[in-house]
Amino acid sequence: MDVTFINSGALSRAHYSLVRKVESAQSPQAADQIHLNEIDGIRRHFAVGGVSLKECREKLIMLLYCSMNLTHVHPGELAFALPQAVNLAEMGQTLRDKQLGFVFCTEVMPPNHELQLMLVNTIRKDLESSSTARVCLALSVLIQMPNDEVIPAVQSHLQALFMHKSILVRRRAYLAYHSLLHNDPSRLTPLEDAVVLRIQRTLPSIDSSAMAAAIKLNQVDSINDEINALLPIVWQRPGRQSQPLTLLVLRALRKAKLSIPNVSIVLDIIKRTSSPPMRVLLREAFLVLSSVSADAIQECQIQQSLSPVACIRRLLTSQDANDQYLFVSCLDCLSPTLWAGTLPGTIAVLDEWEVQEVMKLLDSHDRLVRKITLRVLQAVDSSLVEAYSTQLLCNFPTGLTLSDKGEYVSRLLDVGELQHGNDGEQYASYLKDLFAVAEGDTQGRTEDIPVLEVGVEMILTYIREYDITSRVSCVTALAVSVTELDARIGPTLMVVTSALVCEYCGKMAISPLALLHGIASRLVSYGVTVQDACLLSMVRMSAECDQIPHTVSELVTEISQFSGKRIRNRCSLFLTYCGQRDVLTGIIAKASSSSLPDFFAALTTYESNPGASAPVDLKSPSAVYGLSPGSPPRASLSPRKLRYEAYGTPQAVPSLRHPLSPRRNEGTFSSSGSRTRSSSRASERGMSSELARTITPGELTIAAAHGPLQDLLPELGHVRSSNTPPNEDLASRVDLISLDTAFSEVPVTFPTPEPDFEEVWDAMENSNFRGWCESSMDNVVRLLQSLQHSMRVIAVDQPPFEGELKVLVANSSLVGLKQGAALRLRESEEESCLWRLRCDDLELRTTIKRLLEGL
């Protein structure tokens, strides 16, 4: 901050000093600490008392500055300053002082706070003020902080302000009254009457605030004739002043009903606003025409020899995406009989080449343009959309990247949504046909095919918009395929089916036992992500079963034997609760909804309860049939316990790579890795003679008696030469790069200069992901190396974000680490770590997420 105090705009030297200290902080954590120290100082200052209004204003501004600029730490309760803010709003001598007091209360005070009663008298007095500015300020507070307790004190004052001479006051009075009483429509009658009366009294002029309120209140039907009478008046006004008023009247007419004589005026508006295009007015005029019958519009077209589509045809050839959207959205407002020549005796407005240009919009990069174009073509001829869908399916490409495949599938899903509407069974059949191609045999093995997240989101969102009957029929049609063991189901459709079955398993006409067996038998064919969703859905379905078949439990146990820790935990959950129907029923009742995420949240909450049942030991033969009475209970293996809180003040952790970091003690790395490294170091120190000696049969016998043969190697790895210090751990000096493979096998290339981690992290703030990894940071880095991407590791004691291991990963197909992924790892107890990932590249992000979630 190189600005002087005079030019800075700071309120005081203290304010200026605070901003300077924050901007010169070495890290976000340090800046947060400065903010928190300042908040504590102001809290102590207010506790002493005797604060002047000027000082109070400065301190409140500094509190708002601190609380809004904290990055990693919540500012905590600022309620200690609310009495000072309320006092400033009451006693402030200037409008600026009162505004600051109100703003602080608006930002900090929770709804129905006890101090809101203290504001009532202040607001009431300001409403009675002769100053328009003070009245507007009080009304703005009522709009932003509606409170039931303030209604009796201000209701009559607001009704009086409906007729205020200032439009600024009237507009805010309408909004304040609606904000306070919108939950009780019967009490909005005075506002509705005042708005209608205001519009009628001001004719032939127009009160824009009253018109906007009428639109918000849906009261335009009662003044339909008045609004229609206003349209020719405002449109014929000279200059630019007519445009905003015309727009307001057109918006009102969308909720009212356009009279037939005014259709010609709307056509004239379209003609005069199409070249050059006034986009807002033009689209609003077409939206008004969408509520008028095609015959009435056709008659006006013949009388004026004017086609609204002909007025906008020039937009079709524009390279501007906004013009293309405007064209198809306007076309969508009109019946095809007005421009497509679909009726006998009618002529098509668009030429053949223009129709081809419309078809090209199906390949637009803008999804909204594609969807509207599909809707337009469906209205003209449904066979056009059907042919387009068939063409996409038959020509489904292979070898696409994950992002390109998701884009291609999303286009097919848009077509299916349009074609099948609210028919859930037909939509389910379409999904089966789609993913039979998108994730069929030609795409590879199901365990190798990644889940298309965009497809899962689109399908679940669309099905949720169905009515309950269509939803159940759709889910039933999808779930039937699960029970057909010879049917191939791709990973994306399997995740969708698992989520829907979990939500509607009590409403489908399919046996839950058949579903359980079908899903369990398919688990081995999928990757970790799909197995995760399937196992959670199986836990939910077991609540619908009186008894779980042994074959299902055996299949789950077999899956756990060769799976990672995450899936083992899920298997343990199923085997623990599959026989506890009453417990599951209670968990389901406590879930906020029947969806899979909410069921899992309720299950996690129950698991975190110390009284919850201990998961089954999957290594025991009794896992399938239940623990024996004498078996000791195991510690809970809950996969997603909420074991961490929000980020606290970072603590220093020994560095993994930095030469100045303290050396790590023995046992930090895995035993196999330390054994390999120790023997390698020993050979480098001239210890080949010790390591190369022949192991005698007696030594082999002793080693076999104590455990596997490889347990002997750590002892050999700790053989020291005569010049080696006795306390030195040879494995502690190994480089992180050579944990698993030789250094030459790891393709680590860095651009010059190396990118700044914080800069890369901040540049990707829109793609945030986080989670727990049931493995150490060392194992995570080793697995990242196996991706064969360029990588840079920044030690935990190096900025930025001290206390966390920073990793930059670049896709081999990208140029530079700035286009890759940024990962932050925070070590925790029990050989686990918290990870935070930012990555704009969909394919790389999915790869890293699957790697982390599979541990």
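**Figure 1. A salt bridge between Arg279 and Asp320.** In this predicted model, Arg279 and Asp320 form a salt bridge whose closest N and O atoms are 3.3 Å apart (a salt bridge is a side-chain nitrogen of Lys or Arg within 4 Å of a carboxyl oxygen of Asp or Glu). The pair links distant parts of the chain, 41 residues apart. Arg279 belongs to helix α16 (residues 279-289), while Asp320 sits in the loop between α18 (308-312) and α19 (321-332). Helices (H or I, at least four residues) and strands (E, at least two) are DSSP runs, numbered from the N terminus. Arg279 has a relative accessible area of 34% and is therefore partly exposed; Asp320, at 32%, is also partly exposed. Buried means under 20% relative accessible area, exposed over 50%, and partly exposed in between (1.4 Å probe, protein chains only). Residues are numbered from 1 along each chain as its sequence is written, and side-chain values use heavy atoms, without hydrogens and water. Because the model is predicted, local features need pLDDT of at least 70 and side-chain atom pairs count only at pLDDT 80 or more, whereas totals for chains, interfaces and linings use all residues.

**Figure 2. A salt bridge between Glu804 and Arg824.** The side chains of these two residues meet at 2.6 Å, N to O. Glu804 lies in the loop between β2 (790-794) and β3 (805-810), and Arg824 in strand β4 (residues 821-827). They are 20 residues apart in the chain. Both Glu804 and Arg824 are buried.

Figure 3. Arg43 and Asp40 are joined by a salt bridge of 2.7 Å, N to O. Helix α3 (residues 28-48) holds both of them, three residues apart, about one turn of the helix. Arg43 is partly exposed, with 31% relative accessibility, and Asp40 is partly exposed at 31%. The structure holds 28 salt bridges.

**Figure 4. The largest nonpolar core.** A nonpolar core is a set of buried Ala, Val, Leu, Ile, Met, Phe, Trp, Tyr and Cys residues joined through side-chain atoms within 4.5 Å. The largest one has 204 residues, and those with the most contacts inside it are Leu60, Leu139, Met538 and Phe574. Helix α27 (residues 491-504) supplies the largest share of this core, nine residues. Apart from this core lies another, of 23 residues, including Met777, Val781, Cys833 and Leu852.

**Figure 5. The surroundings of Leu60.** Leaving aside neighbours within four places in sequence, Leu60 is in contact with Phe46, Ala81, Ala85, Leu88, Leu100 and Phe104 (contact means heavy atoms within 4.5 Å).
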